[in-house]
Amino acid sequence: LDVDHFCATAIQKSFRGYRTRADFFYDIYRIILVQSFVRKIMLKKFSAKRLAAAVLIQKSFKGYLARANFFDLSRIILVQSLVRRVVPKKSAAKHISAVSLIQASFRNLFAKKEIENGAATKIQAQYRSHLTEERYLD
């Protein structure tokens, strides 16, 4: 009986060891599974925070660039407006001098025509006067 008892105890011991190791490995598997789910959830939360931080950084940088570009653009617009004020003044001065020259030429031409017309009128008047005197005296 002692041998049967010893053999039964050895079998039970081996089976209990096997069962304990199987339960241990199954527990490890379940722990690893739970850890992976927890890590996945934590990663989603962490990724959401990182994504929000990245979006905030990008938004701030894009705002900075937009403000810098706006200031550059406003400076460009200011220079353009100044140039657009100066260019017409210079071209207007050229046009005014050209217009003055044309006006002077026309005034000179009209003055000559007036003198010629006046002279022709005087000549005609003298001739008519002469003809009238001849007719009257004859």
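This is a predicted model: local features need pLDDT of at least 70, side-chain atom pairs count only at pLDDT 80 or more; totals for chains, interfaces and linings use all residues.
Residues are numbered from 1 along each chain as its sequence is written, and side-chain values use heavy atoms, with hydrogens and water left out.

Along the principal axes, the C-alpha atoms fill a box of roughly 195 × 25 × 15 Å. The radius of gyration of the chain is 57 Å, whereas a compact globule of 138 residues would have one near 14 Å; this radius is taken over C-alpha atoms, and the globule rule is 2.2 Å times the number of residues to the power 0.38.

The chain exposes about 13400 Å², of which carbon and sulfur atoms supply 67%, the areas coming from the Shrake-Rupley method with a 1.4 Å probe and, for residues, with only the protein chains shown counting as cover. Buried residues make up 0% of the 138 residues, where buried means under 20% relative accessible area, exposed means over 50%, and partly exposed lies in between (1.4 Å probe, protein chains only).

Next, select R19 and D23, which both lie in helix α1 (residues 2-137), four residues apart, about one turn of the helix. They form a salt bridge whose closest N and O atoms are 3.9 Å apart, the term meaning a side-chain nitrogen of Lys or Arg within 4 Å of a carboxyl oxygen of Asp or Glu. D23 counts as partly exposed because its relative accessibility is 37%, and R19 is also partly exposed, at 46%.

The structure holds two salt bridges, and D27 with R30 is one of them, the closest N and O atoms being 2.2 Å apart. D27 and R30 are three residues apart in helix α1, about one turn of the helix. D27 is partly exposed at 32% relative accessibility, and R30 is partly exposed at 39%.

Then show the aromatic rings, among which a search of the whole structure finds three pairs. One of them joins F24 and F25, whose ring centres are 5.7 Å apart and whose planes stand at 65 degrees, so the pair is edge-to-face. Rings of Phe, Tyr and Trp (its six-membered ring) pair if their centres lie within 6.5 Å, and planes under 30 degrees apart count as stacked, over 60 as edge-to-face and the rest as tilted. F24 is partly exposed at 48% relative accessible area, whereas F25 is exposed at 55%.

Finish with two C-alpha distances. F6 lies in helix α1 and is exposed at 61% relative accessibility; from F6 to S47 the separation is 41 residues in sequence and 60 Å in space, C-alpha to C-alpha. S129 also lies in helix α1 and is partly exposed at 33%; S129 and R75 are 54 residues apart in sequence and 79 Å apart in space, C-alpha to C-alpha.

Definitions and conventions
Helices (H or I, at least four residues) and strands (E, at least two) are DSSP runs, numbered from the N terminus.
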